[in-house]
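Subject: The structure we talked about

Hello,

Here is the structure I promised to pass on to you. Please open it alongside this message, and read on below for what turned up.

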Amino acid sequence: MGTLKKLQKYMEGRKILLPGAIILSAISTLTGMLPFIFIWLIVKELFASQNEFSLGLVNTYAWAALATAVGGVILYFVALSLSHLAAFRVEVTMRRKAMERVISMPLGFFDNNTSGKIRKIIDEDASITHTFLAHQLPDLAGTILMPLVSLTLILVVDWQLGLACLIPIVVSTALMGFMMGKKGQHFMKQYMTSLEEMNNEAVEYVRGIPVVKVFQQTVFSFKSFYNSIIRYKEMVSSYTHMWEKPMSAYTEIIHSFAYILIPFSILIIGKTGDYAGIITNLLLYLLVTPVFAQSIMKSMYLNQALGQASEAINRSENLTKDYKPLATSNKREISNHDITFEAVSFAYPGTDKKAVDNVSFSMKKGQKFALVGPSGSGKTTVARLLPRFREIDKGSIKIGGIDLNEIGQDELMKNISFVFQNTKLFRRSLLENIKYGNENASMQDIKKALELAQCNEFISRLPNGLETKIGVDGTYLSGGEQQRIALARAILKDAPIIVLDEATAFADPENEHLIHKALQKLTEGKTVLMIAHRLSSITDVDSIIVLNDGKIAEQGTHQQLLAQNGIYTKMWREYQKSIKWTISKESVC
Amino acid sequence: MLNYIQRRLALSKKGAKDFVKGTFWTTILNIAIMFTAFYTFIFLKEYIPSIFAPDIAPAKGAGYFALLALALLVVSWIIAVIQYRSTFSTIYDESANRRLNLAEKLRKLPLAFFGEKNLSDLTSTIMADSTDLEHTFSHAVPQLFASIIGVILIAIGMISYNWQLGLALFWVVPVATLILVISKKKQGRGNKNIYEKKREVTQEIQEGLETIQEIKSYNNEAKYMAGLSKKLDDYEKNLIKGELLTGVFVNGAQSVLKLGLATVIIAGASLYAAGKVDLFTYLIFLVLGAKVFDPVNEVFNNLAALFYLDIRINRVREMENLPIQSGTTEFNPTNYNIEFRNVIFSYDNDNQVIQGINFVANQGEVTALVGPSGGGKTTAAKLAARFWDIDSGEILIGGQDISKIDPETLLKHFSVVFQDVTLFNASILDNIRIGRQDATDHQVIEAAKLAQCDEFVSQLHDGYKTIIGENGDTLSGGERQRISIARALLKDAPIILLDEATASLDVENETKIQRGISELIRNKTVLVIAHRMRTVSNADQVVVLKDGKIVESGRPQELRSRDGVFAKMVNRQLAEVI
């Protein structure tokens, strides 16, 4: 059972609990049957002679029946407690381990997987294992043991009656086997698929509603959602219809032991004349046989739960399958901040086209380089290769002459700050958010960073100032304000190399102006590699690299490039045109 | 009664009826299963005397009992089939209806509702709830009611047959019930704790994933994991506490039920010894006592699921109770002037985002809404298309109050070009055709050309027939924007709501998108949310919103010479660019 082995890995110190739970559950099953034996003994005693029986003995049996019954309940409770402890541990450890794996991935991993999707797999799949581990696995012992023990009991006590019992047992098991067999499994698969399909359609539908409303289109999404609902309904309905007869027969048979046992008993009595003996045994059989029904029912669900648990754990473990954590060989320290790209090539996994194709450039410490080019030209990819978001396929990237994969991840991160558009703040106080950049920063440093990042004005407007918690009590900062906090954090970190995406998420003019100022402060005296969108802001950088189709097409200063009259010149003209555009009723193009 | 069930279980009228029918037949089936007990009793009555007097053979033999068994089998077979039909077959109709209602309901919610992120999460939760309710209603719930009714019926029968033994057996039922009632209260608190801890864990994971760049760039992986571990441990502790509590109560109640068997054996033995009951009666109680509580036990085991039922039902009901927008479908305005009269609006009744604004956006003119972020310009634009309903005041289009017009009818007259574009997993052609369903391929491609889509579409392997993936994942932001402009061009509605940021989202293709927009807005009523001051220098009217109020309005040249908010913003930006 591969799944069980996998699950055991997550039990951490509670591995022993699960076998314990299974054993206890098995014992409780047996204990739970003992009351029937005591009732049988009581009846024996009562039938022994008319009006004369030992009241003391019957009372003893009564207490024994109670003790074993309650004992069974308690043992089962303990068994389930143990299995729950193990199951909870698995749930929690699965989350932790999955998160640990995910967090060790290179940042490029997160491009292909939305946070919602990863969270769902880490968080929800862990819960799915619960039913199987906590409930069904401990029940398994009873499910197997109970029929075996009662079958033995039945055949040993009176083999003739025992054989009679076999008729409904065999028929009901066969029915169940038929329903759970190929056809049943085929249905289960179909059921899961159409359920999933319906849920996906629902999400797609909701996402499309704004469009549907604005364009009065009920056609697309609603129709396919509607169809998936109806398909599901019809599939399940036809299935339940198909199972109507066998299922009803099953219900009927597992409750009909008396109908076979009694005529049979009468026949046996007719032969032997042993009224007391046969009737006593008959009563025992009537009490014991229904447990078959329960056992068979329980085993029905076991397979399903096992399947779900195994799928959940596979999804969780395969999440990071196609990625490797970054490997570092030497862990050398960076002493110099010159940067060189030597014939760097890189293609995104699953694609043939090189996103970065044989790119070489080198920048001296303290220089500022800008990457420009049409969208899809590879400028973002190039910038993100420097902080090692992804592993390059060919060539080398060096900082101070040391190859990136010989620099420890800690060391690399200490030396690079990256400021991209999608910076996020933590749901904590502003102070904590800023201190994130440098745990040991003094209050003075923090104040300085805030001032440089142009945050003072809006922070002074907040009633709780730096103690304001973000995202709590309705405190939300505008996009521009959030970005400036992130910049303060980066200023506080004071890393010598800065990788920067200059595009400011659309902020109002006021904010944009302040962000610009903050960026200037951040990059002062640093080695800067920036992705540039507004060409006006890079006219004075040390070098502009013009990328096209992943290759370097042109490189030089603003003036040099304009003199070349190439791609950059064209871009510059377009840019000049775009900033002159106005909105008006007459088209001015 | 029917109404109560309908409300309590969030069912449709037919669903409630089917539910009652299902429960009824499940009860009947439970009784039919008890036939075997009566059958056994008839046998015992007939044969017990012979135990002590083996010479007197009972009158009824094997043949009689075999025939009786056959008759009972036939009757209960019929009942089993009817029960199966009445519970399993109908429940799927009901849940299909529930899902369809949900779909319809979602469509009628205010448009702005869909800007809120977690809606698709909510949808999948509710879809999952529907599936779970389906299971619970086909299996657990009718069985629950049937078991309760069954036990009550048997208890009444047995107590009236012999009240001493009846009481000796059934006294445990009220006690066990009491234990569960008490436990439900306690469990409520425990469950709430678990729920809250669980949410903290989920939030921590989500936050970790969202801030992964920060965590890694500041080398804080270990610290984050320590925080998460602490939350997970806390969650685990609460889980253990909560489940243990539930377990203690449920098992306590089950143990109490077992007491019934002991008391009936002991009481019966002394009554029998004293000659107050006969052996037959005693035996009946013995056999019954060992089995009668089995269905009740089964219910106890499913109790957690049943308690949880309430949460699911409440969630479904909450969705059903969300306010929807409705109105007349008669809307034939004589012109397309948009007029705001004393409009006040707040998202949550607390903070007024729009505090009494008045302005008119004339047909055939461009009206620009400008101002600092948070000033209310986006909200004001969305209100004009009834994305939300306002708190007080009026918004008129062509003199008609829009709060009385069906939102979809109203939106027929709008083209909306905002930053967030929804695309479907269909071809580019079909995605643009959403603008006007009856447009020919030729018209669609014309619109696409005007919106400057042609260039990137021609690079795709199947051109306009290319399927673009779930929500158009394969396209860049600028390409998506151009598709949305093409849609709007195709629709050719008389009123345009436009977020100007759309034009500059994709800096590389800015001029192309601008060309598309210029085409789109020609001679329409245009309400534009503007960020770049230079862009609006040729607008017919500028409305400056700050803190939900209009602080200035007029022609751009006028405002520039006035040295107010607008002039300041213009100057600041002029300094910025170049």
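Predicted model: local features only at pLDDT ≥ 70, side-chain atom pairs only at ≥ 80, totals over all residues.

Which strand does S6(B) join through four bridges? The partner is strand S7 of chain B, residues 495-499, and the two run parallel. If you want a place to look, Ser415(B) has Ile496(B) as its bridge partner in S7(B).

Chain A has a related set of strands to look at. Its strand S6, residues 416-419, pairs with S7(A) in the parallel sense over four bridges, and Ile416(A) has Ile497(A) as its bridge partner there. S7(A), residues 497-501, is mostly covered, with five of its five residues buried. On one side sit Ile497(A), Val499(A) and Asp501(A), and on the other Ile498(A) and Leu500(A). S7(A) is also joined to strand S8 of chain A, residues 527-531, by five bridges, and this pair runs parallel too. Here the bridge partner of Ile498(A) is Val528(A).

Back in chain B, have a look at helix H19, residues 510-521. Why does its length make sense? At 1.5 Å a residue, its twelve residues should span 16 Å, and the end C-alpha atoms are 17 Å apart, which agrees. H19(B) is mostly covered, as nine of its twelve residues are buried. Among them are Glu510(B), Ile513(B), Gln514(B), Ile517(B) and Ile521(B). After the helix comes Asn523(B), which has a positive phi, near 60°.

Now for the domains of chain A. The domain assignment gives domain 1 as 2-317 and domain 2 as 349-423 + 495-588. Five residues from domain 1 of chain A and five residues from domain 2 of chain A take part in the contact. The C-alpha centres of these two domains lie 60 Å apart. Together, domain 1 of chain A and domain 2 of chain A bury about 420 Å², 47% of it on carbon and sulfur atoms. On the domain 1 side, Leu107(A), Gly108(A) and Asp111(A) lose the most area to domain 2 of chain A, together 75% of what that side buries.

Finally, how many residues of chain A are in contact with chain B? There are 157 of them, touching 167 residues of chain B. The two chains bury about 14,800 Å² between them, 68% of it on carbon and sulfur atoms. Lys213(A), Tyr259(A) and Ile583(A) supply 6% of the area that chain A buries against chain B, more than any other three residues. The count of salt bridges between chain A and chain B is eight. In one salt bridge, the side chains of Asp123(A) and Lys198(B) meet at 3.9 Å, N to O.

Happy looking, and do write back with any questions.

Best wishes

Definitions and conventions:
Residues numbered from 1 in each chain as written. Chains lettered and ligands numbered in written order. Heavy atoms only, no water. Pairing = 2+ DSSP bridges. Expected span 1.5 Å × (residues − 1). Buried < 20%, exposed > 50% of the residue type's maximum accessible area, 1.4 Å probe, protein only. Domains from an automatic or database assignment. Contact = heavy atoms within 4.5 Å. Buried area = accessible area lost by both parts, 1.4 Å probe. Salt bridge = Lys/Arg side-chain N within 4 Å of Asp/Glu carboxyl O.
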